[in-house]
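Student: Could you walk me through this structure with a few questions and answers? I am new to it.

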Amino acid sequence: MLWHLQIDPAPGLADSEGRRVSAEAADLGLGGSWTIRSARGFLVEGELSESDLRRAAEQVLADPIVETFAISSNQEEPKGTSRPVFDNALVHVLPRPGVTDPVAESARAVLRDLGLAVAEVRSVRTYMIEGPTDSLDALIRRVLANDAVEQAIVGPLTLDHLGQGSPYTFSRVDVPLRNMDDDSLMRVSREGQLSLSIDEMRAIQAHFVELGREPTDVELETLAQTWSEHCSHKTLRGRVEFEGEVIDNLLKQTIFKATKDLEADGLDWLVSVFEDNAGVIRFDDEHDVCFKVETHNHPSAIDPYGGANTGIGGVIRDPMGTGLGAKPICNTDVFCVAPPDTPVDGLPTGVLHPRRVLKGVVAGVRDYGNRMGIPTVNGAVVTDERYLANPLVFCGTVGVLPKGMAFKSVNPGDRIVAVGGKTGRDGIHGATFSSAELTGESEQLSGGAVQIGNAITEKMVLDALLQARSQGLYRAITDCGAGGFSSAVGEMGAELGAEVDLERAPLKYEGLSYTEIWISEAQERMVLAVPPEHLDALVSLCASEGVEATDLGQFVDTGRLTLRYHGEVVGDLSMHFLHEGRPKVTRKAAFTPPVETALSLPERDQYTAELLALLHDWEICSKEWIVRQYDHEVQGRTVIKPLVGEHEEGPGNASVVLPVRGSLRGLAVGCGLNPRYGDLDPYAMAGCVIDEAIRNVVAVGADPDRIALLDNFCWGNPERPETLGSLVLAAQACHDLALSYRTPFISGKDSLYNEYTHEGESLAIPPTLLISAIGQVPDVRQCLTMDLKAAGNHLLIVGQTRNELGGSALLKHLGEAGGRVPQVDPELGLAIFRAVHDCNVRGWLRACHDLSEGGLAVALAEMCLAGSLGAECSVRDVPCLDDAASDPILLFSESPSRFLLEVRPEHVAEVLDRFEGLPVGRLGTVVAAPEHGPRLSVRGLLGQTVIDASVADLRTRWLRPIDDHGFDSVNHHLLNR
């Protein structure tokens, strides 16, 4: 029997989802007047009666205080609801068959706990709509449902059953490659979504010619995911010809080399770098910490909620799978999207509106992190029209693990144990999909490459694994990321070999082939190497936590990966060929720097209007509407939170967390990102974002001599020489700056081919390098925030201001191009960082804020509005070079390595003495609020007032929500699905 349980808001209560949909329709230009009511519900299949389901609804599925419910069989209209009858349209939205449905999974577990014979459950959202019928299809497509992962049914639900698969009839598939010509080889790659090049297909063909047999489908899929750009980083590890030089391995000769050179030069606090899922550094005598940042770009372009949800879920599993397993203690996120106010008209085919994308990715990170009880403490938002079809979603996680548990091993005879979620068709071809360009057809062709996560399952897995780690029940662990079992088992057994019995894998539903089981990227799964004598204890421990643990096979000392299905061998690959057989990529790189053009800055008496405009920019404005959705207090570790100041609304430089309870030693987490610089000078851009990440964590109290970095390169198609050339320059800058600042890189990730192609036109993202910094704070009681603290205190500016407006927020506002990109002087920068830290440790500083987007003017405004205090300043003593001595440059230049310091009068002389020989200047004083509220006043070089604004006006422009509907429009995760 199939039942429909519909749950409506109680009479008289607000229907926030209905209001949200109506407002979204208006925002997207779907004309007409819309009246929409919403309901949630479940389709329940099984041997149960209406009274059984009613009892379950009354007890757990519906809230009797704020909701009513009605029950019907599958083809009946639900009776008993309080909603009005709508004549226009009834629309039901539910996950497509095979798509993970976490809400339904939880409901099914609850119903079974109540003793009900439930076979299957699926969640459903119902909309009762009055509005223009000719816009209904657009409303469904743009607002109600994401066709990649959801289906919309207009009218009554007429499903007969919820079965998500029919029994699989085994048939081994051999792919006849050996006699194919090049065109046929590429057709196999293209039609199979393998994303393999002709050279790679030829190498596979030659290998099997030598073996005298054809490859099976699962062998081809295994090679494709292992050799994918996403998994093997073949561009950055390949050979590059650039400016007459041959670089054999870009990563090894730049980023890796810098870290190795620093280790050789005496840096002794690195534990495990570029070897595991996350980079590990020493924290104290008993603990290490690890950090990883991943991207989940292509899936988020198709399903923003699901893409970001599994992006954060996947990166949480990176620390869980690092060493013998770390406990995640905080998350980070960075989003790059097109401006949310982009006009609706003219969106390319298959492209979601950036407003929907941004809301969706925020909700995806929010729901997963909050439900796992991990605080999200740091992030950023960058907007550029070129992210329209390729949004970037960066998610990071920091973990802590006991000292001595950062390394793993696999022995012959160890059992291959899968722990966690069941396997479904989620994420099929996810690794290869993420290694290809998007097109107008990607939504239809690659919807299955989007995984859907279930944070509750992952939390249960984490709880079980931490206990198993403490009991020493396994020797090695890794997560099922891109490529699923294929990647996890293939990597863990790379030095030995492995035998896997695929039919043992627990499945979500019937019908999966052996190949789908092997490459599925279904979430919340880990793979462990378990000594046989510990297998029963591990399975029992997992069962006690409600976690499934399944023995899939064993690691063997054969050097081969053998896959069986019900005893028949369906795959047999040499581990050496799998991991070393990919032909090395050789690419040409070039870069032609744009001609530096002279700027014509506006000559004004005042620049208040420019400041107010910059505060309203999507990148600079308040992200409170995002931050407030995240739980950044959970675990009670967060010392410096994302928002600071009197009303907790100031933009903190970085966050600080306590990894170890009972200790005052902290970790500062920050980031740097500015793709506009990369358009003009990729080398300078990389230097600037490294400098920004470092100064962000130094500004809150991190020791500049204990900072580690992570790199995330997101670029367009590296087969274009100019695109690859900009990447080479950025990587070279990472090497140079890491050495100069003595800040080693400990982990990283690249995401290439971020381009959208439709009807012959291609749109590439700007060169985007995210640098994340993790710095150690000796004593969190000495942490600094950026809000002004008290009237009468002095304001100092440290660092050199130069005529560097290229790529700046001011030029973006003015619509101007050109100018000189800010250049880092690392010797000067390191001296400034150490001096700031020294002054802070001595207790001489009350506030510290770094100068970044918008320069001095924006930094001053942010300090004032965060502290609800005013400031009276002058630019006459700002340290600068001669060509920077003009009011607009001094106000808005984005030169790096600069800070604003708030200092008590009695410590000003001491601070100035500490900065002797370094650029420092007196800026002004903090002032109390007069009768009409605090003001920011800045005088120019000639003594005239160049900025004069009330802090209330600054705050009004800065507090910019995503839309005019307030937080109600982002409070429910289903709105983005």
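**A guided tour**

Student: Is glutamate 648 buried, partly exposed or exposed?

Tutor: Keep in mind that this is a predicted model. Partly exposed covers the range between under 20% (buried) and over 50% (exposed). Glutamate 648 has a relative accessible area of 40%, so this residue is partly exposed.

Student: Where does glutamate 648 lie, and what is its phi near?

Tutor: Glutamate 648 lies in the loop between strand S25 (643–644) and strand S26 (650–651). Most residues other than glycine have a negative phi. Glutamate 648 has a positive value instead, near 50 degrees.

Student: Glutamate 243 has a positive phi too. Is glutamate 243 buried or exposed?

Tutor: Glutamate 243 sits in the loop between strand S7 (239–242) and strand S8 (245–247). Its phi is near 50 degrees. With a relative accessible area of 64%, glutamate 243 is exposed.

Student: Which strands and helix do the buried residues of H3 pack against?

Tutor: Helix H3 spans residues 102–113, and its ends are 17 Å apart from first C-alpha to last, close to the expected 16 Å. Its buried residues are Pro102, Ala104, Ala107, Arg108 and Leu111. These buried residues pack against strand S2 (35–47), H2 and strand S5 (117–130).

Student: Which glycine with a positive phi follows H3?

Tutor: H3 has twelve residues, 102–113. After H3 comes a residue with phi near 85 degrees, and that residue is glycine 115.

Student: Which residues does leucine 13 touch, leaving out those up to four places away in sequence?

Tutor: Leucine 13 is in the loop between strand S1 (2–9) and helix H1 (16–27). At 38% relative accessibility, leucine 13 is partly exposed. Beyond its sequence neighbours, leucine 13 touches Ile65 and Val66.

Student: About what area does the nonpolar surface patch made by Leu13, Ile65 and Val66 have?

Tutor: Val66 is found in the loop between helix H2 (50–61) and strand S3 (67–73). Its relative accessibility is 35%, so valine 66 counts as partly exposed. Together, Leu13, Ile65 and Val66 make a nonpolar surface patch of about 270 Å².

Student: Is valine 500 buried or exposed?

Tutor: Valine 500 is in strand S18 (residues 498–501). Leaving aside neighbours within four places in sequence, valine 500 is in contact with Ile416, Val489, Trp518, Leu552, Thr562, Leu563 and Arg564. Its relative accessible area is 1%, and under 20% counts as buried, so valine 500 is buried.

Student: In which helix do arginine 695 and aspartate 691 lie?

Tutor: Side chains of opposite charge can pair when their charged atoms come close. Arginine 695 and aspartate 691 form a salt bridge at 2.5 Å, N to O, and both residues are buried. They are four residues apart, about one turn of the helix, and that helix is H24 (residues 682–700).

Student: How many residues apart in sequence are the parts tied together by glutamate 755 and arginine 720?

Tutor: Glutamate 755 forms a salt bridge with arginine 720, with the closest N and O atoms 2.5 Å apart. Glutamate 755 lies in strand S31 (residues 755–758) and arginine 720 in the loop between strand S29 (707–714) and helix H25 (721–741), so the parts they tie together are 35 residues apart.

Student: What is the count of salt bridges?

Tutor: A salt bridge here needs a nitrogen and an oxygen within 4 Å. Glutamate 624 and arginine 628, at 3.2 Å, form one of them. The count comes to 57 salt bridges.

Note on methods. Residues numbered from 1 in each chain as written. Predicted model: local features only at pLDDT ≥ 70, side-chain atom pairs only at ≥ 80, totals over all residues. Heavy atoms only, no water. Patch = residues over 30% accessible without salt bridge, like charges linked within 9 Å, V, L, I, M, F, W, Y side chains within 5 Å. Areas by Shrake-Rupley, 256 points an atom, 1.4 Å probe, with all protein chains shown as cover. Salt bridge = Lys/Arg side-chain N within 4 Å of Asp/Glu carboxyl O. Helix = DSSP H or I, 4+ residues; strand = E, 2+ residues; numbered from the N terminus. Buried < 20%, exposed > 50% of the residue type's maximum accessible area, 1.4 Å probe, protein only. Expected span 1.5 Å × (residues − 1). Contact = heavy atoms within 4.5 Å.
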